[in-house]
Amino acid sequence: MKYFRTLGAAVCTTICLAVPLWAGGETTSNPEAKVYIVNLADGAEVSSPVMVVFGLSGMGVAPAGTEKENTGHHHLLIDRPPLGQGEDGADELSYGIPADENHLHFGGGQTEATVELAPGTHTLQLVMGDMGHVPHSTPIVSDVITITVTE
């Protein structure tokens, strides 16, 4: 019997060490929280580079890696389906948001960004991420807006 308890403890320890504490999208959010783009409206015509100002109410902004209740940091999704939709939609609600040209991270706690966009139509959406870049258990996402870069 002692062997099984020791084996069970070893297996649990191994699993806990192998899985980051922030995996799984389990960080709760304030259900009243809202994130939004302050300075651009849906349908806006702009020139590049584009300044995007991030708005947040009901929670605070904290750098990535900061474990503090009701905080997170911004991610800007560009030219992709809304969070939770598309090819990887279900998975992205439980795992960290990728970092690439369609997923910009602002883990330093930034509340605005200047983004180079080619002329044409683009979609933008803000998403709050927890200390490990995972959307909160009730995701805090802005509406998707469409802008046109004229030059």
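Hi everyone, let me open with E101, which counts as exposed at 62% relative accessibility; exposed here means over 50% relative accessible area, buried means under 20%, and partly exposed is in between, with a 1.4 Å probe and protein chains only. A quick word on the source: this is a predicted model, where local features need pLDDT of at least 70, side-chain atom pairs count only at pLDDT 80 or more, and totals for chains, interfaces and linings use all residues. Residues are numbered from 1 along each chain as its sequence is written, and side-chain values use heavy atoms, with hydrogens and water left out.

Back to E101, then. It sits in the loop between α2 and β6. Its C-alpha atom is 8.7 Å from that of L77, although the two residues are 24 apart along the chain.

Now the overall layout. The protein has two helices and nine strands; these are DSSP runs, H or I of at least four residues for helices and E of at least two for strands, numbered from the N terminus. Along the sequence the pattern reads α-β-β-β-β-β-α-β-β-β-β. Of the 151 residues, 34% count as buried. If we take contacts between residues at least 6 apart in sequence, 71% of them join residues at least 24 apart, where contact means heavy atoms within 4.5 Å.

On to strand β5. How many of the eight residues of β5 are buried? Eight of the eight are, so the strand is largely enclosed by the rest of the structure.

Which strands does β5 pair with? I can show you β4, at residues 60-61, which pairs with β5 in the parallel sense over two bridges; pairing here requires that DSSP finds at least two bridges between the strands. In that pair, V61 stands opposite G72. Then there is β8, residues 120-129, which runs antiparallel to β5 and is joined to it by six bridges, with I78 opposite L124. And β6, residues 103-106, pairs with β5 in the antiparallel sense over four bridges; there, H74 has F106 as its bridge partner. As a reminder, strands of a sheet pair through backbone hydrogen bonds, either parallel or antiparallel.

Let me zoom in on H73, which lies in β5, residues 71-78. H73 is buried, with a relative accessible area of 0%. Its side chain makes a polar contact of 2.9 Å with the side chain of H133, and another polar contact, of 3.2 Å, joins the side chains of H73 and H75. By polar contact I mean a pair of N or O atoms within 3.5 Å; within protein, one must be able to donate a hydrogen and the other to accept it, and residues adjacent in sequence count only if both atoms are side-chain atoms. Leaving aside neighbours within four places in sequence, the contacts of H73 include A62, F106, M128, D130 and H133.

T71 is also found in β5, and T71 is buried at 11% relative accessible area. The side chain of T71 reaches the backbone oxygen of K68 at 2.7 Å. Beyond four places in sequence, T71 is in contact with M59, G60, A62, T66 and H136.

Next, charges. Side chains of opposite charge can pair when their charged atoms come close. With a salt bridge taken as a side-chain nitrogen of Lys or Arg within 4 Å of a carboxyl oxygen of Asp or Glu, the count comes to one salt bridge. E92 forms a salt bridge with R80, with the closest N and O atoms 2.8 Å apart. The pair links distant parts of the chain, twelve residues apart: E92 is in helix α2, residues 89-92, and R80 is in the loop between β5 and α2. E92 is buried at 10% relative accessible area, and R80 is buried at 15%.

Last stop, another sheet. Three strands form an open sheet in the order β1-β3-β7, with antiparallel pairing. β1 (34-37) and β7 (112-115) stand at the edges, each with a single partner strand, so one side of each is left without a neighbour in the sheet. β1 and β3, residues 50-57, pair over four bridges, and K34 stands opposite S57.
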